[in-house]
Amino acid sequence: MTAARTTPADRPQPGLRERKKIKTRRAIRTATYALIEEQGYDATTIEQIAERAEVSPSTVFRYFPTKEDIVITDEWDPVMMQELRTRPLEESWADTLRHVMRTALDLSLAEEPEVTRLRTRLGVEVPAVRARMMESMAATGRLLREALAERSGLDPDGLELRVFAMSVMGGLMEVSHYWAETGHRDDIRDLVDRALDVLEVGLPTGTP
């Protein structure tokens, strides 16, 4: 059995007000990343971001409560949850997650590859960004639990799904750190596959 699949054309398109919000949010993020590349994370202020994005500081705070939120916020959670819900129900959870993560990473790397690398580097180098990233992953983990509960019939608040979802999120966090710490030399999609292999079958057998 295959879950009903939707295409981008099938999904409701945002209205004018929502498009303006998206444009403003992207302008703030673009300004932030540019300033961080130019002068570093700590030297970049909300006032500078607002000036570069041509908005007021209060507008920046309305969209992003903290500077860390500007760095870690992206548009991919809804994409991943939608993809997860449209996968064949008989597909293994590991194959489903591989597809979902590869889809999101393909989009991210196609649209903003340098931003993706910068965000992972800041997650390693800046403690405040790393802490906020962990909070954000906990929220994404809750979304993952809900989507998996729909597919499995399990209780989204049950221990098993909580442990599984946060194991996945913790693994993805370590992939992000490893990728940045090794200079982004590997294909992150391959690293995600390796992480999911560990969750699916356990640690590889070591050589005595």
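How many residues does the largest nonpolar core have, and which of them have the most contacts inside it? In this structure, which is a predicted model, that core has 39 residues, and the ones with the most contacts inside it are Leu122, Val129 and Leu144. As for where these residues come from, the elements that contribute two or more of them are α1 (16-39), α4 (67-72), α5 (76-85), α6 (93-111), α7 (113-125), α8 (127-152), α9 (159-181) and α10 (188-201). Helix α9 supplies the largest share, which amounts to eight residues. Because domain 1 (16-66) and domain 2 (74-201) both give residues to this core, it lies between them.

Let me stay for a moment with Leu122. If we leave aside its neighbours within four places in sequence, Leu122 is in contact with Ile36, Tyr41, Val71 and Val129, and Val129 is itself among the residues with the most contacts inside the core. Apart from this core lies another one, of 10 residues, which include Ala31, Leu35, Ile46 and Phe64.

Let me turn now to the two domains. The bounds I am using, 16-66 for domain 1 and 74-201 for domain 2, are those that the domain assignment of the protein gives. Between the C-alpha centres of domain 1 and domain 2 there is a distance of 25 Å, and the contacts between the domains involve six residues of domain 1 and 10 residues of domain 2. The two domains bury about 800 Å² between them, with 60% of that area on carbon and sulfur atoms. On the domain 1 side, the residues that lose the most area to domain 2 are Arg29, Tyr33 and Tyr41, which together account for 59% of what that side buries. Tyr41, you will recall, is also one of the contacts of Leu122.

What does the rule find across this interface by way of salt bridges? There are two of them between domain 1 and domain 2. As for a particular pair, the side chains of Arg29 and Glu112 meet in a salt bridge, at 3.5 Å from N to O.

Finally, a word on Glu38, which has its place in helix α1. Is Glu38 buried or exposed? Its relative accessibility is 54%, and therefore Glu38 counts as exposed, the cut-off for that being over 50%. Glu38 and Ala104 are 66 residues apart along the chain, and their C-alpha atoms are separated by 28 Å.

Technical notes. Residues numbered from 1 in each chain as written. Predicted model: local features only at pLDDT ≥ 70, side-chain atom pairs only at ≥ 80, totals over all residues. Heavy atoms only, no water. Core = buried A, V, L, I, M, F, W, Y, C linked by side-chain atoms within 4.5 Å. Buried < 20%, exposed > 50% of the residue type's maximum accessible area, 1.4 Å probe, protein only. Helix = DSSP H or I, 4+ residues; strand = E, 2+ residues; numbered from the N terminus. Domains from an automatic or database assignment. Contact = heavy atoms within 4.5 Å. Buried area = accessible area lost by both parts, 1.4 Å probe. Salt bridge = Lys/Arg side-chain N within 4 Å of Asp/Glu carboxyl O.
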